Amino acid sequence: MRPTAAGVTRAVSLLAVVAAVGLLPWLSGRDPALTVLRARSAEQEPTREALDAIRRDLGLDAGPLSLLGNWAAGLVRGDLGTSWVSGTDVLPSVTAGLQVSLALMGAALGVAVLLAVVLVAPVLVRGRGSAGTGAAMLAAVPEFLLATVGLLVCGVWLGWLPTSGWAGPEYMVLPAVALGVPAGGLLGRLVADALPAVLEERWVELWRGAGVSRARISAAALRRALPPLVPQFGMAAVGLTGGAVAVETVFAVPGIGRTALGAAKSQDLPLLQGSVLALLLLGLVAGALAALLRRRLLGPALRDASLALPPVRPVRVPPAVPLTLAAVLLTTIGWGLLRDPYAVNTAARLASPSWAHPLGTDGLGRDVLARLGHGAAATVGTAAAVCLFSLVVSLALGFLPGVAAGAADIANALPPVIAGILVAAAVGPGTEGAALAVGLISWPALAAHAAALVQEVRASAFLTAQRAIGAPPWWILTRHVLPSVAAPVARHALLRLPGIALALASLGFLGLGAQPPAPEWGLLLDESRAYVERAPWAALAPAVALALLAALAVSSAAYAQGRDTVRAIRRTTPKEALVGV
């Protein structure tokens, strides 16, 4: 059987990612020998002879191909190299971190399933309804934000649970909840939104008429609804690997994510290579298990069939909701832009909110409102640039669906945090690196949308007529196909702007994005953790802003989806049947 374009692209993309990991010592553009020298002996002078000896010892004096070949050969033998900082083998450290992360992800998956059951149960009982925007907002809240709020409320203020370490089951509760709630919100929303349409299918009515029990009908409806959604479940599992980096960092959990982040910051590239490979492997295994589960649920008769769910009824969101959220954010940002975000006043350190400082001050006496406003402007500007990049890439790949599908599978297996760690190791942490990392993996959803629209437009009757009258292909592309595709995909990209801003904030929180003294939201939240007990308002201000941004993303998307659905109904339904729509 000949390989498909998607399969070839998938293999090439995977090899490119693995090669990039293997070439990190060469791609970093820095002198790893200096890092190793400082780790081995901080007092030794970095003379040319000493640095050359370390390069020869590590094989860094060879070219990139030799470096990659030696690393790949060791990888085949199960040898991940030796840590440049500790001098120990990398494999035991990666294995130990992976065991901790797998335990944490297992607990988080249990939380996610439990929350999903809570969201789905009312739909099965009533036979209608959906999870609504509440579940969507839970899915949109970043893990690092939930982790910080959970640490602040349950760990610091109430003292119910430990806030750091990994010494017993009680240490797992807060990290598992922070990691599992967004995944549970996503799973619950997907299933609960799909079930009402399934329960209105003809077979359900026939089963009810035949006296089949509600429990059996519910089980059959779930089996009918799950197969098309399983790929999304795989994406949620991949998201756990990325979210684990932030959650493990907040709670000082010695997992593989925290190990990778620490290795990137200390430039311990062999340990970073092993950790990133382990995280990438987790993502690929999650995707493979999702595909296997889908085949199992479909059974032999439907495995090759194109199974799709009936259209999901959108959640109606009044336009006042996104407008109010946008007004609150814009007012706060505008007010903060009128102030100086860099003015230091040590006499007013950690001052509580007052008229002079409406949101208080931080550890250096800088106005939190000013830093919030200026940080939003920078973050939104960077997110807009990433959106534009993703839009251009998706429009180009929309005409090559086979090529885009394979590359998208690998991009989807790399959460923004993992891409951010790789980019930071290569070019250093910073705003540009964070934007590049998010841009590299933010295009698959837009490309899939563009490919579907291209296929729809190419099959339309008016395009057939254009070909029949002899219109040249370039004319058809520029005057008909591209305008029909670009506008909807551009609106989709605009709706993803808040989500991209949240991804950038997560990288800033981990120290992979904007660097001090930049007033970036994620960085503000990270800086305030050091004095969260004395000045909680400094942490709550960016936390609330990020939560409002997540709510704005969800409500805007839901409102746009509902509006587009109503328009589609009005185009395809007789006027006399539109009363009340």
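What follows is a short chat about a cavity and a helix pair.

Q: What kind of model is this?
A: This is a predicted model, where local features need pLDDT of at least 70, side-chain atom pairs count only at pLDDT 80 or more, and totals for chains, interfaces and linings use all residues. Residues are numbered from 1 along each chain as its sequence is written, and side-chain values use heavy atoms, with hydrogens and water left out.

Q: How many cavities of 30 Å³ or more does the structure hold?
A: It holds 1. A cavity is a set of points on a 1 Å grid over the protein atoms alone where a 1.4 Å probe fits but cannot get out.

Q: What volume does the largest cavity have?
A: About 60 Å³, counted as the space filled by probe spheres set on the points, which are joined across faces, edges and corners.

Q: Which residues line the largest cavity?
A: D362, V368, R371, L524, E527, S528, Y531, A538 and P542; lining means an atom within 4 Å of a point.

Q: Which helix gives the most to that lining?
A: α23, with 3 residues. Helices are DSSP runs (H or I, at least four residues), numbered from the N terminus.

Q: New topic: at what angle do α15 and α22 pack?
A: About 115°, with the axes 9 Å apart. Axes are lines fitted to C-alpha atoms over the stretch in contact, and angles run from 0 to 180 degrees between N-to-C directions.

Q: Which residues of α22 make the contact?
A: L497, I500, A501 and L504, with contact meaning heavy atoms within 4.5 Å.

Definitions and conventions. 1 Å grid on protein atoms, 1.4 Å probe; cavity = no way out; pocket = protein on both sides within 12 Å on 5 of 7 lines; lining within 4 Å. Helix = DSSP H or I, 4+ residues; strand = E, 2+ residues; numbered from the N terminus.
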